[in-house]
Amino acid sequence: MRPAPDYRAIGTEPFWAVTVRGDAATLERPDHPPMRFAVARHVEERVIRYSGDGLAMTISEGPCSDGMSDAVWRDRVAVAFGDGVLKGCGGERDEGQSTP
């Protein structure tokens, strides 16, 4: 059984997901092989960053809607890597809230 991720973020249009476990982040996208990055976690006043060679993920307090459901996520996420910047949501999902 795999351990629970330290952090998970997702996005739509295009679909993507980043899973952080320890000092490794994996970026997954349809029609692309998974990309793994060694990362370090940096905590600032209101922002958490995972950064390493070829990837920078910035997490800020939400709320955030994934654009596909009525669910609201705790965090807003931006992932910068060699192919550009992806924006989405991450952290805990609040099943009880919906976007206005």
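Predicted model: local features only at pLDDT ≥ 70, side-chain atom pairs only at ≥ 80, totals over all residues.

Modeller: Arg29 counts as buried, at 14% relative accessibility, where buried means under 20% relative accessible area, exposed over 50% and partly exposed in between, with a 1.4 Å probe and protein chains only. Its side chain meets that of Asp83 in a salt bridge with an N to O distance of 3.1 Å, the term standing for a side-chain nitrogen of Lys or Arg within 4 Å of a carboxyl oxygen of Asp or Glu. Because Arg29 lies in the loop between strand E3 (24–28) and strand E4 (35–38), and Asp83 in the loop between strand E8 (72–81) and strand E9 (84–94), the pair ties together parts that are 54 residues apart in sequence. Strands (E, at least two residues), like helices (H or I, at least four residues), are DSSP runs numbered from the N terminus.

Residues are numbered from 1 along each chain as its sequence is written, and side-chain values use heavy atoms, with hydrogens and water left out.

A search of the whole structure finds four salt bridges, among them one between Glu44 and Arg49, whose closest N and O atoms are 2.9 Å apart. Glu44 is partly exposed at 39% relative accessible area, and Arg49 is likewise partly exposed, at 31%. Another joins the side chains of Glu61 and Arg46, at 3.7 Å from N to O. This pair links distant parts of the chain, since Glu61 sits in strand E7 (residues 55–65) and Arg46 in the loop between strand E5 (40–43) and strand E6 (47–52), 15 residues apart. Glu61 is partly exposed at 45%, whereas Arg46 is exposed at 55%.

As for the fold, nine strands form an open sheet in the order E4-E3-E2-E1-E9-E8-E7-E6-E5, with antiparallel pairing; two strands are taken to pair if DSSP finds at least two bridges between them. E4 and E5 stand at the edges with a single partner strand each, so one side of each is left without a neighbour in the sheet. Neighbouring strands of this sheet are turned by 25° against each other on average, direction ignored, the axes being lines fitted to C-alpha atoms, for helices over the stretch in contact, and angles running from 0 to 180 degrees between N-to-C directions. E8 and E9 pair in the antiparallel sense over nine bridges, and Trp73 stands opposite Arg93 in E9.
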